[in-house]
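Subject: Structure for your files

Hello,

Please find the structure below, followed by notes on what turned up in it.

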Amino acid sequence: MEKLEARIRNHDREIEKMCNFHYQGFVDSITELLKVRGEAQKLKNQVTDTNRKLQSEGKELVIAMEELKQCRLQQRNISATVDNLTLCLPVLEMYSKLREQMKSKRHYPALKTLEHLEHVYLPRVSHYRFCKIMVDNIPKLREEIKDVSMSDLKDFLESIRKHSDKIGETAMKQYTLACMAVSCTEKLMTGAQDLVDFSPVYRCLHIYSVLGARETFENYYRKQRRKQARLVLQPPSNMHETLDGYRKYFNQIVGFFVVEDHILHTTQGLVNRAYIDELWEMALSKTIAALRTHSSYCSDPNLALDLKNLIVLFADTLQGYGFPVNQLFDMLLEIRDQYSEILLKKWSGVFRNILDSDNYSPIPVANEELYMKIVGQFPFQDTELEKQPFPKKFPFSEFVPKVYNQIKEFIYACLKFSEDLHLSSTEIDDMIRKSTNLLLTRMLSNCLQNVIKRRNTGLTELVQIIINTTHLEKSCKFLEEFITNITNVHPDTVHTSKLYGTTTFKDARHAAEEEIYTNLNQKIDQFLQLADYDWMAVEPGSKASDYLVDLIAFLRSTFAVFTHLPGKVAQTACMSACKHLSTSLTQLLLEAEVRQLTLGALQQFNLDVEECEQFARSGPVPGFQGDTLQLAFIDLRQLLDLFIQWDWSTYLADYGQPTCKYLRVNPTTALTLLEKMKDTSRKNNVFAQFRKNERDKQKLIDAVAKQLRSLINSHHL
């Protein structure tokens, strides 16, 4: 039986081959048979004639009847043969057409032909053996069509993966052109089909639908596209290095969703809005995460600004296709804060270079052109200066107009990032003011403080810094107006932040003032280190010590530079210097290393103090009333007068009284100085020991010292 079945199959194959081989001959045979039908008709006519003849000719009747029966039998056989061949011929034609369609890869028409053959033609000739062979081949043909269609789909998926970059690039370019030509909110009509042939997916969808496997096809398509989406959303590790890296990343994402949007609108149900939304949510989260990571490496403000513009184009393009992009604009606000920090670092370097290269001297101008150039760079007006002939000088140095203009450049840079972020004028104004405040309070303030605290910054530079910051402080109102003009938000608006420039420049000026006071005191200390008193001198010199004369000359020249400073600053500096000088001279007199001193040494010291008092009376800085500046030396003056005049009776009698002549002399200080004048060693006795009055004076010193100790003790109690 197995051999018999095998032989039957072989015969079936041979029959199929023979059918295919003899197809044309078969057609020719049918044609010939159709001709035979005509001949049969003629024969019938002849039979009719014969019948008439037989009616007339009786002898030939029997023969004619026999011939007639034979002809009718042949006629029936021919007619049956023609009818059967007529049924088979369309089947063979359809089968041939099917093969031709398969060969030319017209799979969807082939499937339709196969379906027509199966349900219309084959049932008519189902009893023929070749029909059974065809019926058995139909499932194989369907699978072949299905497999070939799937192969075409895979090729299509590979094609759109390769072309996503170009599709996205084209879409964003078309959006840019649309923004230039028409309203930016107009729906984009990007022709993805111009770059990709979508016919394979349509054919495949139709084929699978006809085969009853549409759900399988949809699931496969969506699964593959999800995989491609994950690949597209994976940024290259060096994306942050160039703008092209970001651009290619965005192009691929836009291209992917442009294709899906096209599929959504040109097929029925292959993808739906829920599927697209799910993909977009995944893409949005991954894109934002990637941008957060890679943008954090950015330190170039130009790259950050270009990236912002690219993200805006990316978001607006996809929004044109109906995708929600609010999260992208929220993320752009984060990048804006980062951009602000990048700008702050850049401008910190700019300010540092300006301050380091400044000569800290008033700007000289030789003619009207130069004068107007400076006035054009910095809002300055001084009627008195305008009246002066050329050449003349501005009170401030070059860093004032340079810093002012760099602050404006910073504001412009901040404004550039805010463009196209769909922000209100108030939000833009608030962002610019906050960033500018950070620039003033952090960067510029730190740069100024560093210059002020720098060791090699001299008094002249500090004075110029005070003058400069005073003028910059006055210019803050013009910066307020500048921001108002570019944002159209009035500064009196409820939510408007105020610029902290005034505070910044005031703080810098105060720091410079303190540094001047400190610097002056250090200079005074340096001069005092040159003091070389002979504490055992019997007689004083005829003039003040050289070091002190030099010190006073230094103070006079220094305070002459203070003429452009605000009055209170110069007065405070002068008073601070005099107080420090008085305190330092007192400490010099009372220091432990001076174990003994003579009246002659004290008188020489008094000459130096008188030189200081003369300096105070001369009014080195205008604005002091009466002898206010001399009061800086009052403690030292009363102490010296007490000892030189030896007026202990008055001091002890009036001690503690508000009207006491020596009210500023502390008994502890007096005792310390008195101890240095006692006779502690006969060898080094200050007073002549062989004269009675000197011995009496020594006893008096002991008595005074005893009373001073009593005052000190009673005061402590």
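Helix 14 is followed by Asp-420, which has a positive phi, near 70 degrees. Helices here are DSSP runs of H or I with at least four residues, strands are runs of E with at least two, and both are numbered from the N terminus. The 20 residues of helix 14 should span 28 Å at 1.5 Å a residue, and its end C-alpha atoms are 29 Å apart, which agrees. The expected span is 1.5 Å times one less than the number of residues in the helix.

The model is predicted: local features need pLDDT of at least 70 and side-chain atom pairs count only at pLDDT 80 or more, while totals for chains, interfaces and linings use all residues. Residues are numbered from 1 along each chain as its sequence is written, and side-chain values use heavy atoms, with hydrogens and water left out.

Helix 17 and what follows

Helix 17 (476-487) passes the length check too: its 12 residues should span 16 Å at 1.5 Å a residue, and the end C-alpha atoms lie 17 Å apart, which agrees. Its buried residues are Cys-476, Leu-479, Glu-480, Phe-482, Ile-483, Thr-484 and Thr-487. Buried means under 20% relative accessible area, exposed over 50%, and partly exposed in between, with a 1.4 Å probe and protein chains only. The cover over these buried residues includes helix 14 (399-418), helix 15 (425-453), helix 16 (459-474) and helix 18. Contact means heavy atoms within 4.5 Å.

Asn-488 follows helix 17, and its phi is positive, near 60 degrees. This residue sits in the loop between helix 17 and helix 18 (501-528). Asn-488 counts as exposed because its relative accessibility is 67%.

Other backbone exceptions

Most residues other than glycine have a negative phi, and most peptide bonds are trans. Trp-646 has a phi near 55 degrees, again a positive value in a residue other than glycine. The residue is in the loop between helix 22 (634-644) and helix 23 (648-654). With a relative accessible area of 19%, Trp-646 is buried.

The peptide bond from Phe-390 to Pro-391 is cis, with omega near -5 degrees. Pro-391 belongs to the loop between helix 13 (383-387) and strand 2 (392-393).

Cavities

Rolling a probe the size of a water molecule over the atoms shows where empty space is left. The search of the whole structure finds 2 cavities of 30 Å³ or more. A cavity is a set of points, on a 1 Å grid over the protein atoms alone, where a 1.4 Å probe fits but cannot get out; lining residues have an atom within 4 Å of a point. Grid points are joined across faces, edges and corners, and a volume is the space filled by probe spheres set on the points.

The second largest cavity holds about 30 Å³ of space. Its lining consists of Ser-295, Cys-298, Ala-304, Leu-307, Ile-335, Gln-338, Tyr-339 and Ile-342. Helix 10 (301-320) and helix 11 (326-357) are the elements that give two or more residues to this lining. Helix 11 supplies the largest share, 4 residues. By class, the lining has 6 nonpolar, 2 polar and no charged residues. Ala, Val, Leu, Ile, Met, Phe, Trp, Tyr, Cys and Pro count as nonpolar, Asp, Glu, Lys and Arg as charged, and the others, Gly among them, as polar.

Glu-515 is in helix 18 and counts as buried, at 17% relative accessibility. Its side chain makes a polar contact with the side chain of Lys-453, at 3.4 Å. A polar contact is a pair of N or O atoms within 3.5 Å; within protein, one must be able to donate a hydrogen and the other to accept it, and residues adjacent in sequence count only if both atoms are side-chain atoms. Leaving out residues up to four places away in sequence, Glu-515 touches Ile-452, Lys-453 and Leu-462.

Asn-272 is in the loop between helix 8 (243-266) and helix 9 (273-295). At 32% relative accessibility this residue counts as partly exposed. The side chain of Asn-272 reaches the backbone nitrogen of Tyr-275 at 2.8 Å.

Asn-251, in helix 8, counts as buried at 4% relative accessibility. Apart from residues up to four places away in sequence, Asn-251 touches Ser-164, Asp-165, Gly-168, Glu-169 and Met-172.

Regards

Key. On a 1 Å grid over the protein atoms alone, a cavity is a set of points where a 1.4 Å probe fits but cannot get out, and a pocket is an open set with protein on both sides within 12 Å along at least five of seven lines; lining residues have an atom within 4 Å of a point.
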